[in-house]
Amino acid sequence: NDRLRALNDMMGGVLEVKKEDILKMDIPPPSFISKPEHVWNDEEKKIFREHEKKVKELNEEKEKYRRALENELEKLEASIQETTKNFDETVCKLSERKVKSEMVIYQEELKIVNLVYALLLDEELDTREAGLRNFLMKKEKEKVSYHLECCSWETCNIYNINLERSFTKEFAGVPANLLDELFQLYKHRPKTPVTELLLDTANPYGGCSVTADDYQDALTLLMKAMDELDSPEHMPDGLDPSVWEHFCLVRRKKMESEELVKWKALTLAEMQAFLQRRMDDNKKIKSEIEDIFQELTWLQEEKTKLQLNLTVQFLLKQGQVELESTEIPDYTDAILIDKSVIEELNCSIMAQGEKKIASMAECKDFSKGIFQLEWEHKTMRMQVEDLEQKARDIVTLPISKDRQLFLTVLNYDSRMAHHISVMEQTLGVVDELHKKNVKNCQKRIKELEKCISLKEQANYELSLELKEMLVSVSERRHIFKAADTQPVSEKIAKQRYREILKQKHLRDLVKEQEEQFEILQAEAE
């Protein structure tokens, strides 16, 4: 496309040249810039000068445009900063207004919450008190007011009869061998089926009730078993039937009395257990009533406290409340005090503080006076020591010959002037000799510098030779390795390499020693 190619070649691909495109512009150097300057002809030199002039003009234009852009950038930054500052100020004002509005809203919400909390708490306390009173009335109705009457039990004539003596008296005419057998039968108790004691569900205290019907049933069963024992089959051999009948009657009476005693003992144990349960229930009811009374008293105290201990909301400015930590303290037990009390207390604290400061200042002045006196005493003591040291120095001062001459000779100044003139003459002669020596040393230094330059040239040549020799040695080593020669040749090559390095090291050492020798010789001169 000829049009696009011409546009790219002549105008850089754009129809309108913008100002910022000047930064992208670049003047191509002439083609002969790679040649040396002494080869250029007059026309090429002229073209090069024009090229330099164009480059300089382009750089000036770029610098002007850069400065204009920097000025514009500064203006834009200043305007941005000003706009940002104004925006920040507006945001700060709006945020302060928002904070104040939220503060007022939160204050009112807190007041509402406190009032609602107080109402709910009062309502809850009233409800709780009414419930406790109803419960107390119910308990007082249910309370069992019973009087423990002393149950006058008929004394059970349970005679502790000695079975052996009563039995022997009853059957004294029976032979001894039969008497023992009868006594064993007398003590023998028939086997009766065990009857289960039913639980009395009608009794709220739930024990096992032993009634008269149970006793009659047990006695009937026992008598049936006794009928079996009273049969003539169990009668011992040789015993009179009348005696056996009398024995059976006595044994029946004994069994009936034992059953009666057993029934009465069970009834007594049941009544004692019932009495104990009733007493325990009474204690429990009393403790519940006491707890209810205590809770009612506590509720009355809480209601009184809520009526007296009111919640008051204060708005405190920041900085007027000192906090030891960042956590918000709990003011539930805070007390309101009049401002005058605090001011009086602050005044008394200030007065006490001023008194303390005055006493501290007095103590400080007194201690300062003590330190001043101690310092003066120490100064005087040091002056005394100094004077004593001076006196000792004067006593032990050695007097030289010059001082003796000064003290003994009359024309000391004239003699000293003569001596000074003689010394000046000798110094002049010495100065001339010193200058001659310096010139000789300078000549010697120049000669040594020439020798040093020659030695350096020789060392340089030797180092080149050494490099060549090292290259040849490495080549030969590679050749020997490639040819797998004997290890003796490698040892010889290493030995030669070490000798070369040793020679180089010795040359460097000789050179350093020569330089040190020259320096020491110059210092000695």
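Tutor: We'll talk about surface patches, then salt bridges.

Student: Before that, what kind of model is this, and how are residues numbered?
Tutor: This is a predicted model, where local features need pLDDT of at least 70 and side-chain atom pairs count only at pLDDT 80 or more, while totals for chains, interfaces and linings use all residues. Residues are numbered from 1 along each chain as its sequence is written, and side-chain values use heavy atoms, with hydrogens and water left out.

Student: Okay, patches. Which residues form the nonpolar one?
Tutor: Leu-310, Val-312, Phe-314, Leu-316 and Leu-336 form it on the surface, with about 560 Å² of accessible area together. Patch residues have over 30% relative accessible area and no salt bridge; like charges are joined within 9 Å, and nonpolar side chains (Val, Leu, Ile, Met, Phe, Trp, Tyr) within 5 Å. Accessible areas come from the Shrake-Rupley method with a 1.4 Å probe, and for residues only the protein chains shown count as cover.

Student: Where is Val-312?
Tutor: Val-312 sits in the loop between helix 6 (241-308) and helix 7 (339-395). Helices are DSSP runs (H or I) of at least four residues, numbered from the N terminus.

Student: And why does Val-312 count as partly exposed?
Tutor: Because its relative accessibility is 49%. Buried means under 20% relative accessible area, exposed means over 50%, and partly exposed is in between (1.4 Å probe, protein chains only).

Student: Which residues gather in the positive patch?
Tutor: Lys-435, Lys-436, Lys-439, Lys-443, Lys-446 and Lys-450 do, on the surface. For charge, Lys and Arg count as positive and Asp and Glu as negative, leaving out His and the chain ends. The place of a charge is taken as NZ of Lys, CZ of Arg, CG of Asp or CD of Glu.

Student: Let me pick Lys-446. Where is it found?
Tutor: Lys-446 belongs to helix 9 (residues 412-483). Its relative accessibility is 55%, so Lys-446 counts as exposed.

Student: What about negative charge?
Tutor: Glu-456, Asp-508, Glu-512, Glu-514 and Glu-515 gather in a negative patch on the surface. Helix 10 (residues 487-524) gives the largest share, four residues. Glu-456 lies in helix 9, and Glu-456 counts as partly exposed because its relative accessibility is 41%.

Student: New topic! How many salt bridges are there?
Tutor: The structure holds 10. A salt bridge here is a side-chain nitrogen of Lys or Arg within 4 Å of a carboxyl oxygen of Asp or Glu. Side chains of opposite charge can pair when their charged atoms come close.

Definitions and conventions:
Helix = DSSP H or I, 4+ residues; strand = E, 2+ residues; numbered from the N terminus.
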